[in-house]
Amino acid sequence: MKMYENLNIEMVRNKCNILQLSKKTGIKYQTLVGKVRGESQFKFDECLAIKHALHSEMPLEVLFMHK
C-alpha cells in the first residue's frame with residue numbers, strides 16, 4: 001500500500017484494515033483492494049466516504065496523494 005502513503009497512515013492511526021474500511025464505507029473489498037493498489041482510480045464519492053470513515057482531517061488531495 002505504498003502508493004497511498006497518507007491513506008495508509010490514517011488507516012494505521014485508526015487501527016483499520018482494508019476489510020474494515022470496506023465495511024465502513026460500503027465499497028466492495030475487491031474494488032477497494034484494486035484501487036489501493038493503483039489498478040483503478042478512486043471516485044470522488046469514495047474518497048469522501050473514506051475520509052469520513054477514518055475521521056481524517058487531511059485534505060483529500062493530501063490523503064489520496066500517490067507516488
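Start with the aromatic rings: a search of the whole structure finds three aromatic pairs. Here rings of Phe, Tyr and Trp (its six-membered ring) pair if their centres lie within 6.5 Å, and planes under 30 degrees apart count as stacked, over 60 as edge-to-face and the rest as tilted. Keep in mind that this is a predicted model, where local features need pLDDT of at least 70 and side-chain atom pairs count only at pLDDT 80 or more, while totals for chains, interfaces and linings use all residues. Residues are numbered from 1 along each chain as its sequence is written, and side-chain values use heavy atoms, with hydrogens and water left out.

**Stop 1: the aromatic cluster**

Select tyrosine 4 and phenylalanine 42. Their rings make an edge-to-face pair, 5.3 Å centre to centre with 80° between the planes. Tyrosine 4 sits in the segment before α1 (5–13) and phenylalanine 42 in the loop between α3 (29–36) and α4 (44–53), so this pair ties together parts that are 38 residues apart in sequence. For the element names, helices (H or I, at least four residues) and strands (E, at least two) are DSSP runs, numbered from the N terminus.

What kind of pair do the rings of tyrosine 4 and phenylalanine 64 form? The centres are 6.3 Å apart and the planes are at 75°, so that pair is edge-to-face. It links distant parts of the chain, with tyrosine 4 in the segment before α1 and phenylalanine 64 in the segment after α5 (60–63), 60 residues apart. Put together, Tyr4, Phe42 and Phe64 form one aromatic cluster.

Buried means under 20% relative accessible area, exposed over 50%, and partly exposed in between (1.4 Å probe, protein chains only). Tyrosine 4 is buried at 6%, phenylalanine 42 is buried at 14%, and phenylalanine 64 is buried at 10%.

**Stop 2: lysine 35 and helix α3**

Next, pick lysine 35, which is found in helix α3. Is this lysine 35 buried or exposed? Lysine 35 is buried, with a relative accessible area of 5%. Follow its side chain and you'll find that it reaches the backbone oxygen of glutamine 41 at 2.9 Å; the cut-off for such a polar contact is a pair of N or O atoms within 3.5 Å, where, within protein, one must be able to donate a hydrogen and the other to accept it, and residues adjacent in sequence count only if both atoms are side-chain atoms.

Show the surroundings too. Contact means heavy atoms within 4.5 Å, and, leaving aside neighbours within four places in sequence, lysine 35 is in contact with Tyr4, Ser40, Gln41, Phe42, Lys43 and Glu46.

Just after α3, look at glycine 38, which takes a positive phi of about 90°.

**Stop 3: α2 against α4**

Colour α2 (residues 18–25) and α4. Their axes come within 9 Å and cross at roughly 110°. Axes are lines fitted to C-alpha atoms, for helices over the stretch in contact, and angles run from 0 to 180 degrees between N-to-C directions. The two helices are therefore roughly perpendicular to each other (under 35 degrees counts as roughly parallel, over 145 as roughly antiparallel, 65 to 115 as roughly perpendicular and the rest as oblique). At the meeting place, Leu21, Lys24 and Thr25 in α2 meet Ala49, Ile50 and Ala53 in α4.

**Stop 4: the loop between α4 and α5**

Histidine 55 lies in this loop and counts as exposed, at 60% relative accessibility. Beyond its neighbours within four places in sequence, histidine 55 is in contact with Arg13 and Asn14.

Methionine 58 is in the loop between α4 and α5 as well. Not counting residues up to four places away in sequence, methionine 58 touches Asn6, Glu10, Lys51 and Leu63. Draw a C-alpha to C-alpha line from methionine 58 to leucine 7: they are 51 residues apart in sequence and 9.4 Å apart in space.

**Last stop: the cysteines**

A disulfide is a pair of cysteine sulfur atoms within 2.5 Å, and by this rule the count comes to zero. Cysteine 16 is in no disulfide, and the nearest cysteine sulfur, that of cysteine 47, is 15 Å away. Cysteine 16 is buried at 8%, and cysteine 47 counts as buried at 10%.
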